[in-house]
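Here is a short briefing on a protein chain.

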Amino acid sequence: MRILIAGELNVDLVLQNYHSFPAVGTEVLVDDVTLTLGSSSAICAAGLARLGNAVTFAGRVGADSWGELCLNRLSAFGIDSSRVITDRTVKTGITVSITSPRDRALVTYLGSIAASVAEDFPDQCFDGFDHLHAASFFLQKALRPGLKRVLAAASRHGLTTSLDPGFDPDEQWGRDLLDVLGEVDIFLPNEVELERVTGVKDRDEALRAQANGRTLTVAKLGSEGCAAMVDGQIVKAPAFQVKTVDTTGAGDSFNAGFLHAWLRKRPLADAMVFAAACGALSTLGSGGTTSQPTEEEALEFLKHH
């Protein structure tokens, strides 16, 4: 499948296995550190490429060493970065991820993350692609006002579309996201994002509240697996128990697995289980991209689980 990513790029500084979580005025220790390619979009792109898809990334980086790192890593994953713009007016973004096997906290400097605009995606850019994926709706601040227009153009050119909203650091959860979903085929929130977007705490009811007649919402529920609603019926798949090293990017690897299977028209339940396997396997290494599986590795994992 030929997939275009309308995404944000940044590096991740992963501080792994904190001994205690830092409080203001204190210093804590971690067991390891990694500087690697970050961003929801890039981790999903890497996962899709690892699974065997032809992936092109469109976004922006700064004219700096972090931007160069992002481009080099995309190339190493076999991702076409020819549509990434080097923007001399911004610094490449960075996210500091403070992790443990249980969860993580993120601190982000936006920089280039917020720099892409709808005009970076003229109609002709969709030629030759099957699918458009976008992520980090609330972080891509300059793209946000025009994202619906970009998604609509992709649909007119015959592409299917998907969106992972990401967390809203401002905790505003603007209603414009619901409007954008009218142009989205697959919506991929986690459990917190689903609740905040819909204003409904019960997950099954939140999935029903999300229904708009077009969009398939697949909610990532952490250790509880994932859930979706089809024709008024809730479909669920469990999570896999593995010896987790780092949860960074697990949801983005889940996205890659789901899109890989869904684009090949696999049954929804099968696509959800495959996605859960991809998400679980991604947690076996530090950083979001070091342990993403190939299709063969994910299928082999499923044989034994």
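Lys-265 sits in the loop that joins helix 7 and helix 8. The model is a predicted one. Lys-265 has a positive phi of about 60 degrees, although it is not a glycine. Its relative accessibility is 75%, so Lys-265 counts as exposed.

**Positive phi elsewhere**

- Asp-231 is in the loop between strand 12 and strand 13.
- Asp-231 is not a glycine, yet its phi is positive, at about 55 degrees.
- Asp-231 counts as exposed because its relative accessibility is 75%.

**Helix 7 against helix 8**

- Two numbers describe a packed helix pair: the angle between the axes and the distance between the axes.
- For helix 7 and helix 8, the angle is about 145 degrees and the axes are 7 Å apart.
- The crossing of helix 7 and helix 8 is right-handed.
- On the helix 7 side, the residues that meet helix 8 include Ala-250, Ser-253, Phe-254, Gly-257, Phe-258 and Ala-261.
- On the helix 8 side, the residues that meet helix 7 include Leu-268, Ala-271, Met-272, Ala-275 and Gly-279.

**Asn-255 in helix 7**

- Asn-255 belongs to helix 7.
- Asn-255 counts as buried because its relative accessibility is 0%, and buried means under 20%.
- The side chain of Asn-255 makes a polar contact with the side chain of Asp-164, at 2.7 Å.
- Beyond neighbours within four places in sequence, Asn-255 is in contact with Cys-44, Asp-164, Leu-188 and Lys-220.

**Nonpolar cores**

- The largest nonpolar core has 40 residues.
- Leu-9, Leu-48, Phe-57, Ile-79, Val-218, Phe-258 and Met-272 touch the most other members of this core.
- At least two core residues come from each of strand 1 (2–6), helix 1 (40–50), strand 4 (54–62), helix 2 (65–76), strand 11, strand 12, helix 7 (250–263) and helix 8 (268–282).
- Another core, of 27 residues, lies apart from the largest one. Among its members are Phe-121, Phe-129, Leu-163 and Leu-181.

- Ser-41 is part of helix 1. Its relative accessible area is 0%, so Ser-41 is buried.
- Side chain to side chain, Ser-41 makes a polar contact with Glu-8 at 2.4 Å.
- Not counting residues up to four places away in sequence, Ser-41 touches Ile-5, Ala-6, Gly-7, Glu-8, Phe-57, Ala-135 and Gln-140.
- Ala-49 is also found in helix 1. With a relative accessible area of 15%, Ala-49 is buried.
- Ala-49 is in contact with Val-55, Phe-77 and Ile-79, leaving aside neighbours within four places in sequence.
- Ala-49 and Arg-2 are 47 residues apart along the chain, and their C-alpha atoms are separated by 9.9 Å.

**Helix 5**

- Residues three or four places apart in an α-helix point the same way, because a turn has 3.6 residues.
- In helix 5, Glu-193, Leu-194, Val-197 and Thr-198 are buried. They cover an arc of only 110 degrees around the axis, so they are on the same side of helix 5.
- The buried residues of helix 5 are covered by elements including strand 9 (160–164), helix 4, helix 6 and strand 11.
- At the start of helix 5, a side-chain oxygen of Asn-190 comes to within 3.1 Å of the backbone nitrogen of Val-192.

**Helix 6**

- Helix 6 spans residues 203–210, and its buried residues are Ala-206, Leu-207 and Gln-210. They line one face of helix 6, because they fall within an arc of 100 degrees when seen down the axis.
- These buried residues pack against helix 4 (176–180), strand 10 (186–187), helix 5 (191–198), strand 11 (216–220), strand 12 (226–230) and strand 13 (233–237).
- At the start of helix 6, a side-chain oxygen of Asp-202 reaches to within 3.2 Å of the backbone nitrogen of Asp-204.

Definitions and conventions
Residues numbered from 1 in each chain as written. Predicted model: local features only at pLDDT ≥ 70, side-chain atom pairs only at ≥ 80, totals over all residues. Heavy atoms only, no water. Buried < 20%, exposed > 50% of the residue type's maximum accessible area, 1.4 Å probe, protein only. Helix = DSSP H or I, 4+ residues; strand = E, 2+ residues; numbered from the N terminus. Arc of directions from axis to C-beta. Contact = heavy atoms within 4.5 Å. Polar contact = N/O pair within 3.5 Å; in protein donor to acceptor, adjacent residues only side chain to side chain. Core = buried A, V, L, I, M, F, W, Y, C linked by side-chain atoms within 4.5 Å. Axes fitted to C-alpha atoms, helices over the stretch in contact; angles between N-to-C directions. Left-handed = near helix turned anticlockwise from the far one by under 90°.
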